[in-house]
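Subject: Structure handover

Hello,

Here is the structure for you to look through. Please open it first, then read my notes below.

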Amino acid sequence: MINFLIEFPALPREFLRDLKKTIDNGFKEFSRSYGDTIESFFYPLLKILVFVENLLLITPWPIFIGVIALLGYWATRSYKLVIGVIAALFCVGLFGMWENTMETTAIILISTLVSILIGIPLGILMSKSDRTQSIITPVLDFMQTLPPFVYLIPVVMLLGIGKVPGLIAVVIYAVPPVVRLTNLGIREVDSEIIEAAESFGATPRQKLYKVQIPLAMPTIFAGINQTIMMALAMVIIASMIGVKGLGLEVLRSITNQYLAIGLLNGIAIVVIAIIFDRISQAYGKRVQQHRQGGHH
Amino acid sequence: MDKIKIKIENLYKIFGRNSKNSIPLVEDGMTKDELLEKKGHVLGLNNINMNIEESIVYVVMGLSGSGKSTLIRHINRLIDPTAGKILVDEQDITQLNPQELNEFRKNKTGMVFQRFGLLPHYNILDNVTFGLDIKKIEKTISQQKALEWIKKVGLDGYEKRFPQELSGGMQQRVGLARALTNDPEILLMDEAFSALDPLIRKDMQDILIDLQQDLKKTIVFITHDLDEALKLGDKIAILKDGVLDQEGTAIDILLDPKTDYVRRFVEDVNRSRVIKAKNIMEEQSLINPELLNGQKLQVEENLVIERFIDKVISQKPSLIEVLKHGKPVGFITPDRLSSILIK
């Protein structure tokens with residue numbers, strides 16, 4: 001009796017072993033039969049990723065810095081930010097991390113793009129009905145709380161080690177905010193404005209494109225911003241399954257106890273994060289400029 | 001009798017799940033409170049019947065929670081009824097499918113909202129062309145029409161501004177111009193002037209009265225303000241707890257309130273400011289012939305009592321003669337005048 005209370009009455013060991021075996025074998029079977037199909041499905045994604053990587057690598061560094069500085073100026077109209085961006089990128093190059101930074105930038109760009117392409121339509125779908133929302137919300141919760149290491153396993157089993165599985169892992173981790181905030185942004189649009197659009201006979205599509213999406217834009221941009229930040233965090237973990245770049249250096253310095261390398265690469269990631277964050281946030285604010293000003 | 005533009009028949013709206021099941025209960029006389037307690041359903045509109053004639057301003061008045069905003073949203077089906085019919089030009093719009101409904105909204109109705117409902121990301125011109133854009137009318141045509149209306153509501157020069165840059169009164173002019181640019185037969189105005197300051201509200205009421213002189217649209221106007229109802233309404237319906245309490249002209253409501261609720265409403269109204277000479281004049285045959293020979297005061301038929309009462313007091317005429325275009329059309333005896341004012 002005492003034993004029963006001290007030791008948890010777990011299922012029999014044999015049963016658990018068989019259960020795990022069945023699941024593992026089942027998934028292995030699945031990846032053996034469909035792995036190639038799935039891989040070829042993602043092949044175009046690999047091509048794009050490699051293309052962007054190469055593009056960033058062959059672009060002369062002054063041009064890259066110049067383009068980012070221009071983007072920064074266009075989004076923020078702040079010279080302070082532009083100077084900061086130039087200085088930070090220059091330092092990154094100076095400390096020999098230029099190539100790794102480009103690789104990381106490439107994967108962040110592509111994974112953000114993929115997240116937006118998946119996330120915004122999903123968010124729109126979610127905003128259309130409470131039922132869809134009640135199905136998708138727990139899935140997003142699950143995706144965001146499941147330790148990322150855990151879903152690396154099936155991705156690796158299915159696609160092996162490499163850029164694409166890494167990209168998929170990053171997208172899975174980074175997509176929830178843009179979905180959530182697209183949904184929220186659309187649901188938050190003033191009901192009287194929606195009624196006004198309907199009262200003129202707007203179709204659901206006209207309502208979406210002329211009213212809901214434009215008015216949800218600031219919120220959607222907040223989501224994109226968060227997605228970029230999540231992608232940056234995940235890029236380190238994804239280096240465990242073959243994503244190169246700054247993350248891999250960090251991973252190496254953990255295993256080898258290289259403090260300086262770890263710190264430098266970590267700081268380079270922070271630099272990218274800040275640049276992406278400031279530019280996307282400033283752009284988000286720009287979108288809602290019509291809301292400012294005005295007297296009553 | 002003028003043509004009926006909008007006919008509402010036995011309209012019920014009950015909010016809640018499976019609310020159709022509650023219709024028989026309400027028909028059997030269950031009250032709003034009982035329904036909420038027993039079924040969790042909210043009774044919005046209870047057996048509404050209305051005939052709204054073409055080209056009149058039909059005001060629906062009631063306090064908050066009376067169901068007036070719910071009612072107006074049935075006319076373009078922003079809200080679907082639980083039971084009943086809504087006939088516009090003898091067509092039952094409750095039977096329209098989504099495409100037909102959109103066509104109906106594009107061509108027959110325009111709506112003005114309490115908080116304006118303007119699109120903050122569009123400038124004034126694009127806001128006003130919105131209805132025509134939805135109809136996929138060519139830009140050059142829609143902008144030309146929009147500019148005409150922007151001018152008519154007194155906003156020329158503001159085309160490129162954004163709604164937030166305008167005051168409330170100006171924003172509502174945009175709302176009005178936007179609805180009218182579509183040239184709808186029916187104009188639905190949901191507490192359109194309630195959010196405005198009193199002076200601006202008066203301006204907007206005058207603009208609406210002016211425009212309506214030429215437009216002759218069928219206007220359904222919702223308000224909680226009795227003075228506004230009396231000023232604008234050719235006909236007034238008073239709604240209470242989703243029930244139509246009384247319907248009639250301003251004078252009917254003022255002089256002959258049918259329920260306590262309406263009576264309490266009209267108690268404080270300054271009648272001399274609302275009632276016009278023509279509203280209370282009588283035919284010659286009803287007048288004591290002796291009075292006809294005495295001293296007469298001549299007043300124009302559209303003058304409100306307030307504007308000629310001082311002359312009645314100072315001149316003490318034996319009879320007031322009401323003129324239309326300079327010709328007598330009726331008479332008011334001083335006794336009748338005082339009984340109307342004192343009652």
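Start with one term: two residues are in contact if their C-beta atoms, placed from the backbone, lie within 7 Å. By that rule, 23 residues of chain B are in contact with 19 residues of chain A.

Before the details, some ground rules. Residues are numbered from 1 along each chain as its sequence is written, while chains are lettered from A and ligands numbered from 1 in the order in which they are written. This is a predicted model, in which local features need pLDDT of at least 70, side-chain atom pairs count only at pLDDT 80 or more, and totals for chains, interfaces and linings use all residues.

**Confidence**

pLDDT is the predictor's confidence in each residue, from 0 to 100. Chain B has a mean pLDDT of 92, and 99% of its residues reach 70 or more. For the model, ipTM is 0.86 and pTM is 0.84.

Helices (H or I, at least four residues) and strands (E, at least two) are DSSP runs, numbered from the N terminus. Chain A has 12 helices and zero strands. Chain B has 17 helices and 13 strands.

The C-alpha atoms of chain A fill a box of roughly 75 × 55 × 45 Å along the principal axes. For chain B the box is roughly 65 × 55 × 35 Å.

A residue is buried if 20 or more other C-beta atoms lie within 10 Å of its own, exposed if 12 or fewer, and partly exposed in between; the C-beta atoms are placed from the backbone. In chain A, 33% of the 296 residues count as buried. In chain B, 41% of the 343 residues do.

Now take contacts between residues at least 6 apart in sequence. In chain A, 78% of these join residues 24 or more positions apart. In chain B, 68% join residues at least 24 apart.

**Where the chains meet**

Back to those 23 residues of chain B that contact chain A. Helix 4 (98-108), strand 6 (109-112) and helix 6 (130-134) of chain B each supply at least two residues of this side. The largest share, four residues, comes from helix 4 of chain B. What classes of residue make up the side of chain B that touches chain A? There are eight nonpolar, 10 polar and five charged. Here Ala, Val, Leu, Ile, Met, Phe, Trp, Tyr, Cys and Pro count as nonpolar, Asp, Glu, Lys and Arg as charged, and the others, Gly among them, as polar.

**A sheet in chain B**

Two strands pair if DSSP finds at least two bridges between them. Chain B has an open sheet of four strands in the order 2-1-4-5, with antiparallel pairing. Its edge strands are strand 2 (42-53) and strand 5 (91-92) of chain B, each pairing on one side only. Strand 1 (residues 4-15) and strand 2 of chain B are joined by eight bridges. Within strand 2 of chain B, V42(B) stands opposite F15(B).

**A hairpin in chain B**

Strand 9 (residues 235-240) and strand 10 (residues 243-248) of chain B run antiparallel, joined by five bridges. I236(B) stands opposite G248(B) in strand 10 of chain B. Two residues sit between the strands of this hairpin, and D241(B) takes a positive phi near 50 degrees.

**Domains of chain B**

Domain bounds come from an automatic or database domain assignment. Chain B is divided into domain 1 (54-269) and domain 2 (274-342). Their centres, taken over C-alpha atoms, are 35 Å apart. The contact takes six residues from domain 1 of chain B and four residues from domain 2 of chain B. On the domain 1 side, helix 11 (residues 250-255) of chain B gives the most, with four residues. That side has six nonpolar, no polar and no charged residues.

**One glycine in chain A**

Find G242(A) in the loop between helix 10 (204-238) and helix 11 (246-256) of chain A. Is G242(A) buried or partly exposed? G242(A) counts as partly exposed because it has 16 C-beta neighbours inside 10 Å. Its C-alpha atom is separated by 4.5 Å from that of G162(A), 80 residues apart along the chain. Leaving out residues up to four places away in sequence, G242(A) touches I161(A), G162(A), K163(A), P165(A) and G166(A).

Best wishes
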